[in-house]
Structures are given as structure tokens and as C-alpha cells.
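Subject: Structure handover

Hello,

Here is the structure I said I would pass on. My notes follow below it.

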Amino acid sequence: MNKLNVHDLNVWFGKHRDRVDAVKGASFDVAQGESFGLVGESGSGKSTILRAITGLAPDWSGAMALDGNPIPKARPKAFFKTVQMVFQDPYASLHPRHSVDQVLGETLHLHGFKDIDARVVKLLDDVGLGQKFRFRYPHQLSGGQRQRVAIARALAPEPELLLLDEPTSALDVSVQAEILNLLSDLRRDRGLTYLMVSHDLSVVGHMCDRLAVMKDGEIVEILDVASLRAMKSTHPYSKQLLEASL
Amino acid sequence: MMEKLLDIENLWVRFPSRNGVFDAVRGVSFTLGRERLGIVGESGSGKSMTGRAILRLIRSPGIVEADHINLEGQDLLQLPEKKMREVRGQRISMVMQDPKFSLNPVMTIGDQIIEAYRLHNSVSKADAYAKSLEMLEAVSIRNPERVMRAYPHEMSGGMGQRIMIAMMLIPNPEILIADEPTSALDVSVQRQVLDIMDKLVKDRGMGLIFISHDLNLVADFCDRVLIMYAGRIVEVCDADKLHEATHPYTRGLLNSLPRLDPPRDRLDVLKRDPEWSEAESVSGRI
Amino acid sequence: MSETQSLREWLLTETPTSRRHAKISAVYQGWLSFRSNTMAMIGLGILVLLVVVAAAAPVLAPHDPFVQDLGNRLAPLWSDGHVFGTDSLGRDILSRLIYGARITLYIVALVALIAPVAGLLVGTVSGYVGGWTDTVLMRITDIFLAFPRLVLALAFVAALGAGIENAVLAISLTAWPPYARIARAETLTIRSSDFISAIKLQGAGPLRIITKHIWPLCISSLIVRVTLDMAGIILAAAGLGFLGLGAQPPSPEWGAMISEGRRFILDHWWVATVPGLAIFTVSLAFNLLGDGLRDVLDPKAGE
């Protein structure tokens with residue numbers, strides 16, 4: 001059974017004349033334990049798909065299913081225990097006035113955990129931040145450190161599916177390597193399923209097993225990474241993208 | 001022997017703050033001929049500060065010091081501000097990262113280009129308009145009249161950047177400093193913009209300083225590369241020999257990039273050696 | 001922490017060891033930032049002085065502010081026992097000024113408590129929920145914004161009788177709409193941030209998001225706005241007092257004092273001018289404080 005099924009997804013913003021179709025007829029499946037990439041340029045709709053899955057984009061049609069069960073229009077709390085998201089901009093995804101401890105503590109509290117202190121300590125260790133970062137505020141953290149906190153927050157409810165929206169595009173190259181390694185390790189250790197969005201084919205090629213190439217809201221091709229590396233893509237746009245990245 | 005357009009010796013840029021003095025650029029020296037010189041580094045390496053220091057765009061409390069910054073023999077640090085204004089734009093131009101922020105949003109593109117042109121050349125508005133159209137065509141903009149009437153927000157990123165390049169090249173400068181000109185653009189558009197810059201720089205025999213964090217892009221596009229770390233130059237090499245670089249920081253950067261060709265399980269993580277920021281800056285002089 | 005680490009180091013540390021430590025450190029650093037602004041410190045100093053004077057009024061005032069001495073009316077400055085002279089009923093102006101500080105503080109405190117709080121509530125709910133709630137709340141805000149303060153005060157006086165409380169109520173009712181507007185504008189900006197999306201993905205409801213995530217970010221601009229508005233509020237209260245709609249005689253409210261001294265302004269100018277200068281000084285102090293606070297609290301200017 002697939003972890004995530006998306007069938008004929010349409011997402012739009014605005015009404016009538018001002019309506020913009022960000023995603024048109026997207027269909028793909030993500031298997032349990034797989035790492036699936038969504039690649040495209042800006043405006044291709046890849047991030048919008050993630051927002052639709054998490055309920056942050058209200059106007060959508062089509063079918064989405066998690067573990068075989070259709071995803072309801074109003075996401076119940078249990079949904080967020082299974083599906084979590086890491087956002088792109090580490091400078092915008094943490095509340096400027098909340099310390100790391102507050103961010104993680106609040107998340108754990110919302111999901112009903114009781115042993116919050118112990119879990120906060122463990123989460124910080126799991127993402128490679130020590131205890132000395134626990135009471136810092138975001139402005140006292142570097143970009144890579146903030147992204148680790150964001151990952152810790154996403155891991156707090158012990159999810160099974162992690163949605164990653166360009167998690168390293170705002171980071172320096174050397175920091176990117178650390179975060180990508182962290183994400184690979186976490187996936188292997190916890191058996192997580194990843195749906196990763198990126199504009200960078202080499203990142204997707206490194207992190208993912210299969211990927212979908214998007215252009216102007218549509219998925220133009222789905223291929224596995226081995227074919228990508230062998231430059232065996234079929235759609236002309238994918239070829240174009242490949243050539244531009246090399 | 002390439003003619004030296006720019007000669008910088010021992011450049012320091014310091015920022016005094018409440019917690020002491022922060023040195024953004026420490027003892028950087030290099031020369032620029034009629035070539036494409038890349039300056040690569042991560043955030044905090046001082047690469048953008050170097051570019052701005054050359055144009056003396058760093059305001060107090062920042063302090064810029066150097067033995068000299070010679071533009072064809074003339075020391076820019078000694079010039080009074082009035083003379084420096086004549087240099088900026090006329091002899092050395094700068095293209096920055098995001099055209100959304102470097103183009104004036106409330107003026108039409110035509111007005112901005114014409115204004116820029118007439119700042120450096122006393123010509124009639126009609127002549128300036130004609131020259132602007134010429135420049136827009138030179139950067140492969142197909143409908144220049146329409147673009148002249150449009151506002152910056154109506155342009156896509158790639159077009160905006162091409163307009164910036166057109167604007168910056170109108171006064172025929174000798175040197176162009178490009179600070180992350182393609183970082184805000186999509187991959188397919190990047191190539192286009194770079195090709196245009198390349199052609200213009202070659203045709204006019206200009207010197208180009210290309211500042212970027214993207215090692216591969218710079219290696220592809222430039223002739224020579226300076227790699228900066230913590231305000232110093234740690235390595236200098238020819239672009240085509242970048243993959244034979246020797247300094248551990250450069251090697252570290254190259255190895256930590258995810259690549260499509262050989263698949264790797266884990267990316268090599270850069271271990272920063274404090275030695276790198278202590279060591280003397282490598283000279284980028286030819 | 002080790003004994004050798006001084007208090008200053010503890011406060012300025014980059015690695016706080018507990019929640020309390022982190023909060024105290026943040027406040028201390030904000031204080032240091034504020035302290036470097038001389039004008040703001042002057043403003044703060046004047047206001048501290050105001051509070052002290054008001055608190056110690058019975059001790060500081062040389063005379064009873066209500067005692068009349070018709071034989072010594074309109075005594076000039078520096079006359080015997082009356083530093084600022086006496087008013088038209090022979091009451092010592094300095095003492096009235098000192099007791100009047102209490103009234104000024106009372107007005108300031110009440111309005112500062114009512115108006116921004118009401119504005120914050122209305123603005124954040126309106127901005128976050130959007131839709132019809134937003135439209136309705138904003139139109140209500142517009143209605144209150146349309147009332148001229150003095151007209152509303154007149155209406156209240158007609159309905160409830162004159163007095164300082166009704167004047168304060170009238171001022172508060174016309175002062176809250178701008179705060180609602182500010183809070184709403186901030187909420188609209190914050191609402192689309194990633195950190196709000198992130199907490200929604202943890203199952204947080206609107207109440208938690210508004211109170212724990214949006215309010216902390218709005219409060220800085222509201223505090224700054226309140227201090228900058230204080231000057232206007234004091235002047236409004238003075239204006240109402242001047243018209244006889246606020247504090248009633250023999251209350252030593254500064255605006256009322258100006259009103260009483262108006263008739264004598266040509267020959268005995270100090271009767272009206274001295275309370276006027278007091279109002280000016282306190283208003284200026286609030287402005288300076290507000291500027292200083294904005295430099296410290298504005299999230300865009302720093303941390």
C-alpha cells in the first residue's frame with residue numbers, strides 16, 4: 001500500500017476571473033519508506049502541492065489518500081501526527097520571539113505528550129544541536145541551526161511522512177551538505193517517507209529514489225533517479241532542465 | 001602580458017560595533033585584466049564587501065583601507081567623493097542580485113535608462129532614447145519600445161536582470177562587477193543572462209568581476225577564480241583547473257556539493273580548520 | 001554558573017541555560033540598547049520624576065491645593081512661600097501642579113489600559129479571521145474613528161454628567177480605533193508567515209495562534225504607539241478640562257488650571273502658562289520615550 005496517493009490534483013487561488021491554477025491534474029504515488037522528489041522551476045506548482053496536502057491551500061479538487069485512507073477536507077489532529085513539513089526559509093519558519101525550547105515544547109504539548117522536557121532534550125540531540133541551543137532565540141542561531149530546529153519541530157510528533165519544501169536552498173553549500181546528511185540519516189534510522197521539493201536537480205538526485213518533473217502546474221514526467229543520472233529522460237522539458245543543471 | 005585594469009593591494013574592510021571590530025575583508029590583493037575573474041565564497045566570506053569596497057559604496061561606520069585600489073594607475077581611495085561619482089557607473093559598473101530591488105519601482109524602465117544615460121552623457125532626450133533602445137536590443141530584448149514603457153514589476157526576473165545589465169553598460173564602463181547576478185533566477189534563465197553578459201564583456205573588451213557562491217557556475221563562466229573564506233583569499237586558480245584545486249577549503253566545497261553523476265551515500269561535510277582564517281591571504285595578482 | 005563569571009557576563013551570554021535566564025538576558029540587552037539613547041533616557045527620567053512627584057504629593061506640596069486665600073490672589077512667581085505664585089482664588093500653583101500630576105497619571109493609566117487592549121483584541125481577531133468578521137469589525141472601527149473626541153465627550157457629559165472618569169471614557173472610546181488598525185495590519189502580515197503555517201500544522205487553533213503567536217509580535221508596535229499617543233491624550237484631557245467637561249473644580253487638573261488662568265493671561269501670565277509648561281514637558285517626555293522604545297522594540301531594526 002502506498003504511503004501517499006495523489007490523483008488528478010488541481011489547486012487554484014482566487015475566484016472567477018482572477019483564478020490562477022497553480023496545479024493542474026497532478027497524479028503520483030509515494031511508496032512507504034521512499035524518498036520522492038518534485039522538481040521544477042519557480043511557478044511550477046511544486047510547493048503548492050505540499051501546501052495542498054497539508055491543508056494550507058484550501059481550494060483543491062481531486063483525490064489524496066494517506067495510507068489508503070482519503071484525506072478529509074478538514075485535517076484532524078491525527079493527520080498531523082503522521083504528516084509534517086519542513087519549510088524553505090529558516091529565517092521565516094521560526095517565531096522570532098519564541099526560544100527553541102518554547103517552539104519544541106509547544107509542539108509536543110499540542111500533540112499531547114507528557115514527558116516534554118525529556119523529549120526536547122532528545123530531539124535536540126537527534127538533530128545534532130546540543131543542549132546549549134535550547135534556550136536561544138532564532139536571531140541567535142545561524143541558518144543551518146535554525147533549519148535543524150525546524151527539522152526537530154517536524155520530528156516531534158513522530159511522523160511517518162515528511163514533506164520537505166526546498167529545505168536547503170536558503171543555506172550555504174557547506175551547511176547544505178550537513179543538513180542533507182542529517183535528513184538521509186533520519187530517514188534511514190526512522191524509516192520515514194520523504195516528499196521533497198527542490199529546484200536543484202543535483203539535490204534531488206542525491207536524496208531521492210524517484211522524482212516528478214513539473215512545469216507550469218503540470219507533472220510532465222515521472223522517472224527514477226537511475227534514469228535521471230543516465231540522462232534517460234523522455235520529456236523535452238526534463239532534458240532541458242538536466243542540461244541546464246550540468 | 002594582460003593589461004591591468006584594476007590593481008588592489010592589501011584591502012581591509014572593518015566594521016566597528018558594540019562588541020569590538022569585525023573585519024569583513026582582511027588583506028585581499030588581486031589584479032584584474034580584460035578577463036573574467038570569479039570571486040567565490042559562502043556567506044560571510046567578504047566577497048560582496050570586496051565588490052562594494054572597490055566602488056567605495058561602503059558607508060560609515062564601515063572603514064575601507066588598502067595600500068591602493070588602482071583603476072588604470074589612478075588610486076580610487078584618494079579620489080574625493082565628487083570624482084568617485086564620475087567613476088561609478090561610468091568606468092566601473094555594478095549589477096546586483098535582484099532586479100526587483102535595484103530597479104526603481106515607481107519609474108518606467110525607459111525613464112530609468114534614459115536618466116542613467118544622461119547622468120554621464122549630455123545628450124538630448126531623443127538621442128538617449130535611441131541609445132536605450134539599442135542597448136535593450138543588445139541584451140536580446142525583442143520588443144524594446146514596449147519594455148521602455150513598462151514598469152519593473154511587469155518584468156520577469158530574467159528580463160529585469162537583462163535590463164539591469166543594459167542600464168549598467170550604457171555608459172561603456174571598463175569594468176563590470178556582478179554580485180550574484182543570477183542567484184535569484186531560474187536555472188534555464190541563468191544561462192541566457194550569463195551568455196549575454198559574456199558576449200557584451202568580450203565585445204567591449206571589459207573586465208568582469210563575477211561574485212557568486214556557486215562554485216560550479218563560476219568555474220564554467222570565468223577565466224580565473226579567487227576563493228574567499230573569512231575575509232581572506234585562500235586560493236587562486238584558473239577556472240578550468242578548479243577541480244584540481246589544492247586548498248582543503250576549496251576541495252571541501254567541491255566535495256560537499258551533491259552531484260548527479262557518481263551517486264554518493266553521504267556528502268562530505270566541510271570541517272573548518274581555524275588555520276584557514278589565520279593564514280595569510282593568497283595574492284590574486286597575475 | 002561559576003563564581004568567576006560576573007553578573008554582566010551572565011546577562012549577556014549567548015547560551016542561556018534556562019527559560020528564566022533567556023528572558024532576563026533578552027530584557028537586559030533591550031535595556032542596554034535603550035540606555036544608549038540619551039534623549040529616550042531623558043524622557044524616561046522626566047516620567048519617573050512625574051510618578052515620584054505624584055506619589056509623594058502630600059510630602060512635596062508646600063500648601064494644601066484647595067485652600068483659598070483671597071487676600072493673596074494672583075501673587076507673582078517667587079513671591080513669599082509660593083514658587084509659582086497663586087491663582088485667581090489664592091491657591092498655591094505649585095501645590096496644585098503637584099497634586100495635578102496624580103490626575104494626569106490617572107488619565108494616562110486608564111486610557112493606556114483601555115484603548116490599546118481594545119484595539120489589540122479587535123484588530124487581531126479581525127485580521128486573523130478575515131471575511132465577514134473582518135468587514136463588520138472594521139466598519140465598527142470606522143464609526144468610532146469618525147467621532148470627534150470633544151463631541152463624544154459632550155454627549156457623555158450630557159448623558160452621564162461631567163467628571164474625570166467620563167472624560168477618560170470618552171477619550172478611550174475615540175483612541176482605540178488606530179490601535180485596531182495597527183494590530184490588524186500587523187496581523188495580516190504575520191498571518192501568512194511560515195511560522196504561523198508551521199504551528200497550524202501542529203494542530204493549533206485560532207485562539208492559541210492569536211494569543212501566543214500574533215500578540216507578542218503586535219505588542220511592540222502598540223507600546224510604541226501608545227507612548228507616542230500619550231502626548232495627544234494628555235492634551236485631549238487638558239482640552240476637556242479646559243472646556244469644563246473633564247475634571248471639575250476645584251480639582252487641580254492641569255487643563256482646568258489653564259482654563260481658569262485664561263482670563264488673566266495678559267497681566268498674570270504664569271497662572272495659565274505654568275500648567276501649560278507642565279503639560280508640554282510630560283508630552284515631550286512621552287514622545288522621547290516612545291522614540292527610544294521604538295528603536296529597541298522594532299523587530300525590523302534589530303532583535
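V40(B) stands opposite I227(B) in strand 10 of chain B (helices, H or I, of at least four residues and strands, E, of at least two are DSSP runs, numbered from the N terminus). Strand 10 covers residues 224-229, and strand 3 of chain B pairs with it in the parallel sense over four bridges; two strands count as paired if DSSP finds at least two bridges between them.

This is a predicted model, in which local features need pLDDT of at least 70 and side-chain atom pairs count only at pLDDT 80 or more, while totals for chains, interfaces and linings use all residues. Residues are numbered from 1 along each chain as its sequence is written, chains are lettered from A and ligands numbered from 1 in the order in which they are written, and side-chain values use heavy atoms, with hydrogens and water left out.

Strand 3 of chain B also pairs with strand 9 (residues 207-212) of chain B, again in the parallel sense, over five bridges. There, I39(B) has I211(B) as its bridge partner. Five of the five residues of strand 3 (residues 36-40) are buried, so the strand is largely enclosed by the rest of the structure. Buried means under 20% relative accessible area, exposed over 50%, and partly exposed in between (1.4 Å probe, protein chains only). R36(B), G38(B) and V40(B) point one way from the strand, and L37(B) and I39(B) the other way. In a regular strand the side chains alternate between the two faces of the sheet.

In chain A, six strands form an open sheet with mixed pairing, in the order 6-7-8-3-9-10. Strand 6 (83-86) and strand 10 (218-224) of chain A are at the edges with a single partner strand each, so one side of each has no neighbour in the sheet. From one strand to the next, the twist averages 20 degrees. Strand 6 and strand 7 (residues 161-165) of chain A pair in the parallel sense over four bridges, and V83(A) has L161(A) as its bridge partner in strand 7.

Helix 9 (residues 236-245) of chain A packs on this sheet and touches strand 3, strand 9 and strand 10 of chain A. Contact means heavy atoms within 4.5 Å.

Last, S202(A) lies in helix 7 (residues 201-207) of chain A. S202(A) is buried, with a relative accessible area of 16%. Leaving aside its neighbours within four places in sequence, S202(A) is in contact with P258(B), R259(B) and L260(B).

Regards

Note on methods. Axes fitted to C-alpha atoms, helices over the stretch in contact; angles between N-to-C directions.
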